[in-house]
Every structure is written in C-alpha cells, then in structure tokens.
Amino acid sequence: MECVFGLVGNGFAIVAADTSAVHSILLHKNNEDKIMALDSHKLIAASGEPGDRVQFTEYVQKNVSLYQFRNGIPLTTAAAANFTRGELATALRKNPYSVNILMAGYDKEAGASLYYIDYIATLHKVDKGAFGYGSYFSLSTMDRHYRSDMSVEEAIELVDKCILEIRSRLVIAPPNFVIKIVDKDGAREYGWRLSVKDVTTASV
Amino acid sequence: MSVIKSNKLEEEDLGETFFGLACRLSWDSAFYCPENERKVSSEKEEREMARYDRAITVFSPDGHLFQVEYALEAVRKGNAAVGVRGTDTVVLAVEKKSTPKLQDSRSARKIVSLDNHIALACAGLKADARVLINKARIECQSHRLTLEDPVTVEYITRYIAGLQQKYTQSGGVRPFGLSTLIVGFDPYSRVPSLYQTDPSGTFSAWKANATGRNSNSIREFLEKNYKETSGQETIKLAIRALLEVVESGGKNIEVAVMTREESGLRQLEEAEIDVIVAEIEAEKAAAEAAKKGPPKET
C-alpha cells in the first residue's frame, strides 16, 4: 500500500513517497511526509510500520548528527547507509524493525547515490529502487524509461509517469505523493502531486 | 527513560526494555552487548573488584572533600578561559599556549560545539574534557530523539554538572579535573546564557566569567568593566579580558562566537583576532595618552 521509489540522475538523486497514513481501513491523514532529511545532503524515504518508521529513522538521524558533532565532518552517504543497515541487522533477530528505506545522498567525491535497504537488512547501492505494491509498477516503468545521467526535468517526467501508473493500476492507490531531491546544493522538497486535498467543512 | 550507556559505573538498568531500545543512542552502543557485561565472576575477581570499590572522595574530619579541592587545583593550572554573555551574542575565548611547530593546531581545538546552539570551553584536564564532552553530545542528541526538542542551555549544564557530581560520590573513581564554561541560546526563546560548572558538580549562570589560570584577575577585570554589550562589543570585551593575562596576539588566543540569528558556532580566524587585538591596543594607548595628556598642560 505504501509506495516509495527513487532514482539517480546527473549529479542528483530523487525520491518520491506516498503521503497516506493508514490504519486498517481508515486514512488518518493524506499529507504525512515520509521522507526525512538525515542531514543537509541526505534523504531517507521510509515505508513500513508507522511506529517503527518514525522511531527508526529519527534514531538514525540523531546518530548521524552525533557523528557530525563528534568528528567535525558529516558522514558519507555510504557510511550512513551501512550504519543504518547494521542497526537493522542487529535488531533483526531480537526486535526487528519493519521499515524499508531508500537513502539518497550527495557527496562531493562520490556524487549522487541511492541505497536500497529493506527490512531484513539487505543493502544495495542502486540507480533506481522501489518498495511496496507500487514497486511492481514503478520499477517496471523506470526499467523502461530510465537512462543514466538524466536531467532533473527528465527524471521528474519519469517520476510522474510512475505516479500515473500507480494511480491507474493499484487498487488502493495512495492519492498524494511528495517528491524530494538531493544534489550538491543540499536536500530539499521538490514538489507534491496531489489528487485529493484535505476537505474541511469550512471549504465545502 | 533509561538510556543504555557504555560506562560500567552507571547504575541504571541496562536491560533491553522497549524504552531502552527506543532511547538507545550511542556509537558505542552499536557495538555494545549487554549480555557481555553481565557475566558470573569468580571469587578471586570479586575480591579484586572489592578493592577498587572503596570511595576515593571521602570527607575529611573538618568537612572537606579533598579530592574535589585538588581537582579545583588542577583547574587552576589549566589554560585561561573567558565567557561573556551579550544581549544577542555569546563569546568564548581561550588561551592557546604556544603550539609546537610540528603540531596541527586545528586538531587541538579548545572550544567545541555540543549542538547547533550550544558551545563549551573548559579549563583543566583535557582528556577528562573529551569524555565529558562526548557524553554531553550524546545527551544533546538523546534529548532531541526522546523529546523532539533541542536541549536548553540550563538542561545540558545541569546534566554535565550532574555527571561531575556523580564522580565525587562513586566508588573507585576520581572527580573530573575540569571546569566548563557553557554558552548558548535556548531553542525558540533564543535567550542567551552563560553557565559555569566545576569539579564539585555545582553550576550557576553568569553574565561573564573566567576559569583556569589567573581567573581571579580576569574576573576582577570583568567586574570592573562589564556592561551590557552586543555583537562586536561583546567579542571585544571577552578578548580584552583574556588579554589581561595572556600575551597579545592572534596566535595565543582562540575565540568562538555564537549569535542569536545564526545557528552554529563561528571560530574566529587568527587574522580577525589580530585586527580586534590591534583595535584594543589602540584604544588602550589612546586612553593612556588621554590620562597623561591634561596634567602636562598645567
């Protein structure tokens, strides 16, 4: 039900995630931001158990901050991804976290990178990745249209194609998506793709 | 709220409770396994451990804690450190003893950031400082994780002072041999603060203070010359105070500034410090000349 996907372009990485907070048949809110900024140049898009998702990503974020204060320099994306994976692996056979993560980051030396980390602590460095039922559609769409070194405009076109595919083919498709980008200038929100806005009695 | 710490002397429960897991925050703890800590010790080990359990810091007949007082002596031998609180700026200035030619001065930073809005300078045993600063940094992040809020300056000061006090009342340990000056701005209210802690574990807030070598002379100077300042004036006051006991020059002083608007600690470059020192010298010379001037005319 939760759709998260991302891809790497020319000097940037984009991640998109749905923004529904669901509990059984109830939609709590449709503007839940599931992409957290780990630091100035890293994004972590997570899907899974709502409690685990927030707890685990915040835990990773605070440890990444701690590293920065202790050592005066930020972690590289690869190091942060490996740390995250290590924490998932340690907890796996005791108290597993049910969180799937796509970590996007930009380092001066390594450029833009995307890491696929699933809930059983698999770690892969990828050019494109996706989680959830939406991955059946977004991964196929990306496989068809992705080229290495795409520009931001081309990448956003591809992201929109994926969102369209998810919306038209997934039976309980999430209505809204958020898109975030990370490049040499840092991590920031790129935009939202809304098909349902919050309805309040005042506006009806 | 139990936080799993890697220090064996902590009395808090190290069990993997749900809260413990959620609050667990430490690079050390990533490699720390509670199971390894709790092992059955032999009788011989028990006896050896018992020898080191005796408290080092005990009361003297006339009510003194000599270990704490000796720790304060160690502080008095440390480098001079000055802290000044302005209306929108807080400044820390520390004496830099001449760096050996081959040493990379950037690795021996004396003023450190605990968080984006808190900085610390200390006088005394630098190795003890490293340990204390590390724990404080963990606490800053831990607080952010569990309370979704950055620490206030008073909170982290209380925490550091609490740590220092714990080591005056535990078995087999000696107190930390350092006093700290902690500056920062509270989150949201952005009120500036300056606090000082010492080896006994007491802390208090100050408008301006000094610790380390010749701190009494610096404090006297500050008492005479303190007034509410802001921006560049606060920096000048701190440097002027430090120059009372330190040789003039940018390479003998390390200065760091935090302002209400910007986040983060700004370390001043040697060149910047030299400029301010030159200004101060010029002002001093002008004041001297003014004093000598009028009497000549009579």
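This is a predicted model: local features need pLDDT of at least 70, side-chain atom pairs count only at pLDDT 80 or more; totals for chains, interfaces and linings use all residues.
Two strands count as paired if at least two bridges are found between them.

**Stop 1: a sheet in chain B**

Select strand β2 (residues 89-95) and strand β9 (residues 253-259) of chain B. These strands run antiparallel and are joined by seven bridges. To see one position in this arrangement, display Thr89(B), which stands opposite Thr259(B) in β9(B).

Now extend the selection to the whole sheet. It is an open sheet of five strands in chain B, with the order β8-β1-β2-β9-β10 and antiparallel pairing. Which strands stand at the edges? They are β8 (208-211) and β10 (266-267) of chain B; each has a single partner strand, so one side of each is left without a neighbour in the sheet.

**Stop 2: chain B as a whole**

Select all of chain B. The chain has ten helices and ten strands. Among its 298 residues, 47% count as buried. Its accessible surface comes to about 15,900 Å², and carbon and sulfur atoms contribute 53% of that area. Of the contacts in chain B with a separation of 6 or more, 64% are between residues 24 or more positions apart.

**Stop 3: a nonpolar core in chain A**

Move to chain A and select Phe5(A), Leu7(A), Ile14(A), Val15(A) and Val159(A). In the largest nonpolar core, which has 37 residues, these five touch the most other members. The elements that give two or more residues to this core include β1 (4-8), β2 (12-18), β6 (42-48) and β11 (177-183) of chain A. The most is given by α4(A), with seven residues. Another core lies apart from this one; it has 27 residues, among them Ala80(B), Val91(B), Ala208(B) and Ile273(B).

In soluble globular proteins, nonpolar side chains tend to be buried together.

Centre the view on Val159(A). Which residues does Val159(A) touch, not counting residues up to four places away in sequence? They are Phe5(A), Leu7(A), Ile14(A), Ala16(A) and Ile179(A).

**Stop 4: two hairpins that share β8(A)**

Select β7(A) and β8(A). The two strands pair in the antiparallel sense over seven bridges, and a hairpin joins them through three residues. Within this pair, Tyr106(A) has Ala112(A) in β8(A) as its bridge partner. Is β8(A) mostly covered or uncovered? It is mostly covered, as six of its seven residues are buried.

Tyr116(A) stands opposite His124(A) in β9(A). The hairpin formed by β8(A) and β9(A) has five residues between the strands, and Ala121(A) in the turn has a positive phi of about 65°.

Keep Ala121(A) selected. Ala121(A) counts as buried, at 7% relative accessibility. Not counting residues up to four places away in sequence, Ala121(A) touches Arg85(A), Leu88(A) and Ala89(A). For a sense of scale, select Asp143(A) as well: Ala121(A) and Asp143(A) are 22 residues apart in sequence and 24 Å apart in space, C-alpha to C-alpha.

**Stop 5: aromatic pairs**

The structure holds six aromatic pairs over all chains. Select Phe56(A) and Tyr97(A), whose ring centres are 4.6 Å apart and whose planes are at 45°, so the pair is tilted. Phe56(A) lies in helix α1 (residues 50-71) of chain A, and Tyr97(A) lies in the loop between α2 (77-92) and β7 (99-107) of chain A, so the pair ties together parts that are 41 residues apart in sequence. Phe56(A) is buried, with a relative accessible area of 0%, and Tyr97(A) also counts as buried, at 9% relative accessibility.

For the next pair, select Phe66(B) and Tyr70(B). Their ring centres are 5.9 Å apart and their planes are at 20°, so this pair is stacked. Both residues lie in helix α5 (residues 66-77) of chain B, four residues apart, and are separated by about one helical turn. Phe66(B) counts as partly exposed, at 35% relative accessibility; Tyr70(B) is partly exposed too, with a relative accessible area of 49%.

Key: Residues are numbered from 1 along each chain as its sequence is written. Chains are lettered from A and ligands numbered from 1 in the order in which they are written. Side-chain values use heavy atoms; hydrogens and water are left out. Rings of Phe, Tyr and Trp (its six-membered ring) pair if their centres lie within 6.5 Å; planes under 30 degrees apart count as stacked, over 60 as edge-to-face and the rest as tilted. Buried means under 20% relative accessible area, exposed over 50%, partly exposed in between (1.4 Å probe, protein chains only). Contact means heavy atoms within 4.5 Å. Accessible areas come from the Shrake-Rupley method with a 1.4 Å probe; for residues, only the protein chains shown count as cover. A nonpolar core is a set of buried Ala, Val, Leu, Ile, Met, Phe, Trp, Tyr and Cys residues joined through side-chain atoms within 4.5 Å.
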